[in-house]
Each structure stands twice: as C-alpha cells, then as structure tokens.
Amino acid sequence: KVGAVLRGWGPDAGEAAPADYDDVDDFDGVEFGEGGANAGPIDSSGRIITQTDVNGVVETASGLNVALRGWRQRVIVDKVEPYNYAVVRSDDYENLGSAPVVAVNQFALRVTVIVTYAAPGAAQPAEMARLVWIVP
C-alpha cells in the first residue's frame, strides 16, 4: 500500500495473461471460456479443456484444438476477516486500530469459481458448479 492507494491487488505490472499470474488475488474477476476475456475453460494446470467427440477425438480448427463449447468459469477473490470468513472486506482494507492488528496483506482470501454452461440456443447459461475455498 502506498498512501491511500492499494498496490498489488489483481494482476501486477507485466502480468498480462493468466499464465503470468503469481498469486491468488491476480485471478479476481477473471473469466475463462465463451464470453470471457480468456480462452477456456481451463483445468487446474491452466491448460484449455478441449472439445472432444464421443470417440475421444479432439476437435481442431485451422490446426488448433477447439476449446470446450458453451462452458465458462468466473473467478472471484474476496478478502475476508481471518477470524470470521463471512465478513468480506474491501481490497484495500487493513485493521491497524484495534487488536488483533491485521495488515492489508495478512487477510485470508475466499476464492469462488463459478462454472456455467450455455446449451446451443439457450437464452441464459445455467450454473453447473460453484466451488469455494479459503486461502488462509
């Protein structure tokens, strides 16, 4: 934190793509897949999950693998109180006035990944899965 301005939440300078991200808060607001800013969906290693037919053959177009159609992942990273994960704080919040003192970079993070699928012709995607975990 420099003065009243938070430095370091979200992608840092030089981190232009998810492959460049080096900490959890870099993923806040990132979307993968159809309609998102990044190709996807992706697996836990950051590789794009490909469109595969019933015989296990990966679909290609112009020599490149085609990403799984209709699927999207959205990542939300929230700063939460370390002693009460239900209390969400702003990205620049820090507790310096009362015990326990918690600096801006010492809070737990709650990561939520929401997976949706839009069937061909569907007006709206449907939520298929939501995974939430805490990074202490």
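Reply: Happy to. A residue is called buried when its relative accessible area is under 20%, exposed when that is over 50%, and partly exposed in between (1.4 Å probe, protein chains only). The model is predicted, so local features need pLDDT of at least 70 and side-chain atom pairs count only at pLDDT 80 or more, while totals for chains, interfaces and linings use all residues. Residues are numbered from 1 along each chain as its sequence is written, and side-chain values use heavy atoms, with hydrogens and water left out.

Let's begin with the core itself. A nonpolar core here is a set of buried Ala, Val, Leu, Ile, Met, Phe, Trp, Tyr and Cys residues joined through side-chain atoms within 4.5 Å. The largest one is made of 9 residues: Tyr21, Val30, Phe32, Ile42, Val75, Val77, Leu109, Val111 and Val113. Two strands, β4 (71-81) and β6 (108-117), each give two or more residues to this core; strands are DSSP runs of E, at least two residues long, and helices are runs of H or I, at least four residues long, both numbered from the N terminus. The largest share, 3 residues, comes from β6. In soluble globular proteins, nonpolar side chains tend to be buried together.

Next comes Arg74, which is in strand β4. Arg74 is partly exposed, because its relative accessible area is 36%. Not counting residues up to four places away in sequence, Arg74 touches Val30 and Glu31, together with Thr112, Val113 and Ile114. With Glu31 the chain separation is 43 residues, yet the C-alpha atoms are 4.4 Å apart.

Glu31 also leads us to Asn38, found in the loop between β1 and β2. Asn38 counts as buried because its relative accessible area is 19%. Its side chain reaches the backbone oxygen of Glu31 at 3.2 Å, a polar contact, that is, a pair of N or O atoms within 3.5 Å, where within protein one must be able to donate a hydrogen and the other to accept it, and residues adjacent in sequence count only if both atoms are side-chain atoms.

Pro41 is found in the loop between β1 and β2, and the peptide bond from Gly40 to Pro41 is cis, with omega near 10°. Gln51 is placed in that loop too, between β1 (31-33) and β2 (60-61). Gln51 is buried because its relative accessible area is 18%. The side chain of Gln51 reaches the backbone nitrogen of Arg69 at 2.8 Å. Apart from residues up to four places away in sequence, Gln51 touches Val57, Val58 and Glu59 as well as Val66, Ala67, Leu68 and Arg69.

Beyond β2, Ser62 lies in the loop between β2 and β3 (64-65). With a relative accessible area of 80%, Ser62 is exposed. Although it is not a glycine, Ser62 has a positive phi of about 55°. Most residues other than glycine have a negative phi, and most peptide bonds are trans.

Now back to the core from another side. Trp133 lies in strand β7 (residues 126-135). Trp133 is partly exposed, at a relative accessible area of 37%. From Trp133 to Arg72, 61 residues apart along the chain, the C-alpha separation is 19 Å.

Finally, Arg89 lies in strand β5 (residues 84-89) and is partly exposed, with a relative accessible area of 28%. The side chain of Arg89 makes a polar contact with that of Glu81 at 2.6 Å. Not counting residues up to four places away in sequence, Arg89 touches Lys79, Glu81 and Phe107. Arg89 and Asp78, 11 residues apart in sequence, are 7.3 Å apart in space, C-alpha to C-alpha.

Note on methods: Contact means heavy atoms within 4.5 Å.
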